[in-house]
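Me: Hey, I'm about to open a structure I've never looked at before. Can you walk me through its charged pairs?
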Amino acid sequence: MVISIMKIIERRELKDVLNAKWLLVYGRRKTGKTFYIRERAQYSHYFIVTSGREIFEIKRREIFSFSEFMRVFPLLMNQGRIVIDEFHRLGEPFFSVLQGLSGRGELTLITSTRHYFKKFIGSNSPLLGLFYLRELGLVDPRDALNFVNGLGYSGKAMIELAVLVQESWLAPAIESLGVSVFSTFGSTLKGNIPSLIGEIFTEEARELTMRYSAILETVADGKSSSGEIAKELYSRGLIEKETHSAVAPYLETLVNMGILERIPLFGKRKKIFQYRHLSPVVDFAYYLNAKYGFFETELPDETVERVFKEKMPHYVERFFERLLTKHYSLQPVRIEMPDLEVDIALLRNKKLHLVAEVKWKEKIKERDIKKVEEKFEALNAKRKLLIVPDKEILPRAPENAEVLDWRSVIKLCKVPP
């Protein structure tokens, strides 16, 4: 009998904090919190709280009622680190016990609800300051690349698989299928994305209404300003007024849930934001739904694969934006003017520090290089990058920019900034 052991994505956000005396890890559903801590942390007891408020101990496979757990928990705190997954389901009585036990033992708490986390450590909370806090969201692009490279992939395929690995729940499929995952992507998305979004809303004690679903579709379809989003929802008869205020509360909620993010437009006197999906995988599923009614109809895998390849350059841009933002500790912004638009723009101390153009195609011509050079001449940034699958496909290097390809980005991921 052959036993297959799933490879673990190393998570740099957690690697150095697992031994913090009292640690609280939070983040959206299915970001790998449970799996990573269960496999990498040292603990004496690991409890998972069910939605019915039963407490399951995974090592000994014991089930505790709430009253039993509350009785034994203070005693267990003297036996080594305790991990409690989805601890928020225990409610207020448990929080009072925590306050009384502050400073004792070693404890790791995990929650998939962001709004509850904010309440838990808010300014009026008696537990404020007791925990070392760490958010676990999408996989860091550097960790995603190291994971895929560790599977033996290189070149353009390595980058494109790493785009998917940002959603850690796709890692087992990528480990077993590799590039073939793209040909079965449709059934994977259709079976998982509606459930994922539904779970996020359930954990956040929100109802997934038609307005929220319409916003997720509208943003995936390329409408990024609150005005564009309001116009679309008004046309569907989902809001009474075509105004920013009609959609602002819903956009704020989706940002707080970790589903959408907002990016400021650079060079505007008034603060203006664009909204977009955090996850390229969720974005693509809702894009398919906006264009083809994907969640309700059958769509051939060949069509899904073709459309995803068409969208891949856009997702690669976003991937490198996240990677460079994290590696150099910069702030992403959008530069979109009638005569100037750039794929990636990052600030340091409110000044433009790094800009990049992404040319994600098999062949790059001389005119492509000239356009990049002309665009960079108009941008006053300290660093300028041209990102391509492989330097060898370039007719020449641009005169005013560095070139980043799969080889150089792997070095970047392994060397501290």
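Me: Which side chain does R142 meet in a salt bridge?
Reply: R142 pairs with D140, at 2.7 Å from N to O. A salt bridge here means a side-chain nitrogen of Lys or Arg within 4 Å of a carboxyl oxygen of Asp or Glu. Bear in mind that this is a predicted model, where local features need pLDDT of at least 70, side-chain atom pairs count only at pLDDT 80 or more, and totals for chains, interfaces and linings use all residues. Residues are numbered from 1 along each chain as its sequence is written, and side-chain values use heavy atoms, leaving out hydrogens and water.

Me: Ok, is R142 buried or exposed?
Reply: Buried, with a relative accessible area of 8%. D140 is buried too, at 3%. The cut-offs are under 20% for buried, over 50% for exposed and partly exposed in between, using a 1.4 Å probe and protein chains only.

Me: How many salt bridges does the structure hold?
Reply: There are 33. One of them joins R40 to E10, with the closest N and O atoms 2.4 Å apart.

Me: What does that R40 and E10 pair tie together?
Reply: R40 lies in helix α2 (residues 33-40) and E10 in the segment before α1 (12-15), so the pair links parts 30 residues apart in sequence. Helices are DSSP runs of H or I with at least four residues, numbered from the N terminus. R40 is partly exposed at 35%, and E10 is partly exposed at 33%.

Me: New topic: what does R236 pair with?
Reply: E232, at 3.0 Å from N to O. R236 counts as partly exposed, at 38% relative accessibility.

Me: And which residues do shared partners join into one network?
Reply: R29, E86, R89, E199 and E203.

Definitions and conventions. Helix = DSSP H or I, 4+ residues; strand = E, 2+ residues; numbered from the N terminus.
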